Amino acid sequence: MVTDGGDTPHYKVLSIRMIWAATGVVVVVGVAVAVWLLLAFGGGDAQQRNQLEAIRTAGTIVIGTGGAVALLLAARRQRTAEIALKQKDLDQLAVTRTHELQERVAEDVRLNATERRVTELYTRAVDQLGSDKLPVQLGGLYALERLGQGNVDQRQTIVNVLCAYLRMFTDAAADVDTARQPQQRVREAAGAILATHLREDRAFWPDIDLDLSGASLLGFDLANCRVRSATFRAATFVDDARFARTVFAGDVTFEAATFTGAAGFGATRFDGPAVFESAMFSADAVFTAARFAGGPRFDGATFAATAGFDEAVFDAVPFAELPPDTVKALTSLPTHVAYADIAASREKLVPIGVSDGGTAGLDFAVDPHFVAFMGPKSGKTTLVRTILRGIVDRYTDKEAVILLVDFRRGLRGYLDTKHLLAYAVRAEQLKDMLVDVRNSLRKRLPGPHVTAEQLKNRTWWKGPDLFIVVDDHELTRHRGEDLLEPLREFVPQAKDVGLHLVLVRSTEGAAAGDTVVEALRDVSTPGLVGNGDLREGPLLGEVWPSALMPGRAVALDRLSGRRLVQVAWTGPAEKASDDQGTTSP
Ligand SMILES: Nc1ncnc2c1ncn2[C@@H]1O[C@H](COP(=O)(O)OP(=O)(O)OP(=O)(O)O)[C@@H](O)[C@H]1O
């Protein structure tokens, strides 16, 4: 091989002319040797024959050797050819590998570029969501949606962002007034995006987990969807919540969730465990034809209105065939309970009605006060009558006296026992009375010389406890002043001075601004929240007013938590003092 000084190698190749010349030389030499042998040893004597034989043998050996050499060369050529073939295969393999590597590098570059683009879009969309301008926020939401639609592996992350966004809003009381919440549009859009992609049609995102714990969800609609797992722990559904025909493939929890409007779970499928423990259904709960496969848990759930479980199936057992205890816990209370039918278990327990746990009552030795919020014509005065009757039944007039405040005079003549200390029907009259009450209570305050033992047994003063029972408490606001205000200072020390405030008021405007009620809330006073407009927001703890029948209310106290109560009916003629006969409304 020679080179031309450049990179290209040049090979010297045997020319055809050379091959013909060499062949001619070989033929001429062969013919010459044959002629020479014939001339030199063709005489035929023995010696010449021997010589010829020797020459033939030598020739045979030469030819044999030549053949061997030719064989060797052929073998060498074969080996070379095989090596060349193998090399060719190796070269081919190397080429293929190089190609694959190049493709992989190109793919990596492409993926990196996509990843970078996705990250950029994602960051920009999340930034937009954090803007204080609503249109920009909406833009961010829809950008996230587009990203999720085009990138399967980003969908759960995008759903997590949407859920985190919705979880930022927890003030359900503010949500009831949507006019105050322009932000609501963005939240609705976030909810709508979730619902769109959780419905099993063209834009469906499968295997999605939701976490909306603690969120305030206004008009939440997840009907006809399919999700893997979902957490709505302590969420508040403001207005109706729609989950009809939705499939929950895995775990789902609505533990301690509050449904302020109707809860629609008709034909919903719960394939995994479903937890509704301590959930509060303020309005109708529809579980008609729902399928529970993983052992639903409803312990402590409160159904304030109707609970419909017709055709529902619990772990393959139709609702109608469930054990009576389970069914009882899931169905509502009787609509009418007579006072005579409720029996207080403890001596001083003032019975007010029934709950799913039996008699519901007030223990004034444990919680000195009581407050109830109920809408118009929903049983306020009836509740007051029932409580008055209970106090008179459980306490002697030496143990308890009652100052009855009744500006509407609906209870005139109702209480005619010695328990009645005074009956206030006018602002000025009440004001004067409360001056005296305050002075008396101040005398009962423990002085610096009262011992711990005296404090425990309350022996530094003698006399009956004072129950101030107020019907329509909202009417005791007089010229912007709360007439009960002078009593506020005694609220936390009520047990020391033997004071009990029993306030029954309308739900309207009850969420804030009533300073005495505020003071009662501060000491975790037990109470009832009955029928009322849910837009009033939570009135006691997390209990909201809702559409309830007269006498029906949700009770809240520190010991038993939340439970539904049907207040016992006490007619106007059923005097607190007599125990003969009852009437029906
Ligand atoms: N515990 C109850 N059980 C059954 N029905 C009741 C009960 N409480 C009230 N009702 C029904 O509701 C009607 C109104 O009751 P009540 O007068 O006690 O309501 P109210 O809230 O005091 O009304 P208002 O808004 O006029 O003050 C009663 O006449 C009766 O029909």
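Reader: How are residues numbered, and what confidence does the predicted model require?
Author: Numbering starts from 1 along each chain as its sequence is written. In this predicted model, local features need pLDDT of at least 70 and side-chain atom pairs count only at pLDDT 80 or more, while totals for chains, interfaces and linings use all residues.

Reader: What makes up the secondary structure of the protein chain?
Author: The protein chain has 12 helices and 33 strands. These are DSSP runs numbered from the N terminus, helices being H or I of at least four residues and strands E of at least two.

Reader: Why is Val161 called buried?
Author: A residue is buried if 20 or more other C-beta atoms, placed from the backbone, lie within 10 Å of its own, exposed if 12 or fewer, and partly exposed in between. Val161 has 20 C-beta neighbours inside 10 Å, and therefore counts as buried. Val161 lies in helix 4. In the protein chain, buried residues make up 36% of the 585 residues.

Reader: What does Val161 touch, not counting residues up to four places away in sequence?
Author: Val161 touches Val126 and Leu144; contact requires C-beta atoms, placed from the backbone, within 7 Å. Val161 and Leu141 are 20 residues apart in sequence, with 9.5 Å from C-alpha to C-alpha.

Reader: What covers the buried residues of helix 4?
Author: The cover includes helix 2 (46–129), helix 3, helix 6, strand 3 (209–211) and strand 4 (216–218). Among the buried residues of helix 4 are Ile158, Val159 and Leu162.

Reader: Why is helix 3 called roughly parallel to helix 6?
Author: Axes are lines fitted to C-alpha atoms over the stretch in contact, with angles from 0 to 180 degrees between N-to-C directions. The axes of helix 3 (residues 134–150) and helix 6 (residues 184–198) come within 10 Å and cross at roughly 10°. Angles under 35 degrees count as roughly parallel, over 145 as roughly antiparallel, 65 to 115 as roughly perpendicular and the rest as oblique. Helix 3 is therefore roughly parallel to helix 6. The residues making the contact include Leu138 and Leu141 of helix 3 and Ala189 and Ile193 of helix 6.

Reader: How do you know that the span of helix 8 agrees with expectation?
Author: The expected span is 1.5 Å times one less than the number of residues. The 15 residues of helix 8 should span 21 Å, and its end C-alpha atoms are 21 Å apart, so the two values agree.

Reader: What makes helix 8 mostly covered?
Author: Of its 15 residues, 12 are buried. Their cover includes strand 22 (350–355), strand 25 (400–406) and strand 33 (561–567).

Reader: Where does the largest share of the shell around the ligand come from?
Author: Helix 8 (residues 380–394) provides the largest share, 3 residues. In total, 14 residues surround the ligand, and the closest are Gly379, Thr381, Thr382, Pro550 and Gly551. A residue is near a molecule if its C-beta atom, placed from the backbone, lies within 6 Å of it.

Reader: Is Arg458 buried or partly exposed, and what is its phi?
Author: Arg458 has 16 other C-beta atoms within 10 Å and is therefore partly exposed. Its phi is positive, about 55°, although Arg458 is not a glycine. Most residues other than glycine have a negative phi. Arg458 lies in the loop between helix 10 (452–457) and strand 27 (465–471).

Methods. Contact = placed C-beta atoms within 7 Å.
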